Amino acid sequence: MTDGGAQRTAPLSARHERPAIDEAALLAARHADRLVAEARAQGLTRWSSYLDPLPDRLRDDELAALRATALRCRAAYGVKDSVRDALPPELTEPFLDSIDRLLRELNRDLHRARG
């Protein structure tokens with residue numbers, strides 16, 4: 001018997017069911033808060049605008065949206081235009097490390113789901 005062509009997909013798990021991902025995202029959000037505060041303090045409106053929505057997204061995004069947010073965070077470290085050029089390394093490097101950790105956790109989770 002067929003289901004009329006409807007595709008069945010596995011239900012998405014809630015973020016709290018993936019504690020390693022949730023923890024990594026919350027840590028990244030704390031680092032992002034520091035970057036936003038410093039960008040504002042220095043009057044860097046371009047970086048303030050870019051970074052401003054990221055902490056809340058890192059805290060609140062569901063798993064499906066979290067990868068896109070993490071990639072947007074990672075994009076702040078571009079080859080030609082980087083947040084590293086505007087803000088001090090004691091803020092930019094921990095944020096980068098936390099985003100890379102989050103992306104690794106998301107990739108592990110994706111690999112487990114496929115396997």
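The structure is a predicted model, so local features need pLDDT of at least 70 and side-chain atom pairs count only at pLDDT 80 or more, while totals for chains, interfaces and linings use all residues. Residues are numbered from 1 along each chain as its sequence is written, and side-chain values use heavy atoms, with hydrogens and water left out.

Helices here are DSSP runs (H or I, at least four residues), numbered from the N terminus. Leu-51 touches Leu-35, Val-36, Val-83 and Leu-87, leaving out residues up to four places away in sequence; contact means heavy atoms within 4.5 Å.

Next up is the pairing of α4 with α5. These two helices pack at an angle of about 145°, and their axes are 10 Å apart. Axes are lines fitted to C-alpha atoms, for helices over the stretch in contact, and angles run from 0 to 180 degrees between N-to-C directions. The crossing of α4 past α5 is left-handed, meaning that the near helix is turned anticlockwise from the far one by less than a right angle. Among the α4 residues that meet α5 are Leu-63, Leu-66 and Arg-67, and the α5 side includes Phe-95, Ile-99 and Asp-100. By class, this contact has twelve nonpolar, one polar and three charged residues. Ala, Val, Leu, Ile, Met, Phe, Trp, Tyr, Cys and Pro count as nonpolar, Asp, Glu, Lys and Arg as charged, and the others, Gly among them, as polar.

Now for the loops. Ser-82 sits in the one between α4 (63-74) and α5 (89-114). Ser-82 counts as buried because its relative accessible area is 7%; buried means under 20%, exposed over 50%, and partly exposed in between (1.4 Å probe, protein chains only). The Ser-82 side chain reaches the backbone nitrogen of Arg-84 at 3.0 Å. Beyond its neighbours within four places in sequence, Ser-82 is in contact with Trp-47, Ala-76 and Tyr-77.

Leu-44 is in the loop between α1 and α2, and is partly exposed, with a relative accessible area of 23%. Leu-44 and Ala-86 are 42 residues apart in sequence but 8.0 Å apart in space, C-alpha to C-alpha.

Terms used:
A polar contact is a pair of N or O atoms within 3.5 Å; within protein, one must be able to donate a hydrogen and the other to accept it, and residues adjacent in sequence count only if both atoms are side-chain atoms.
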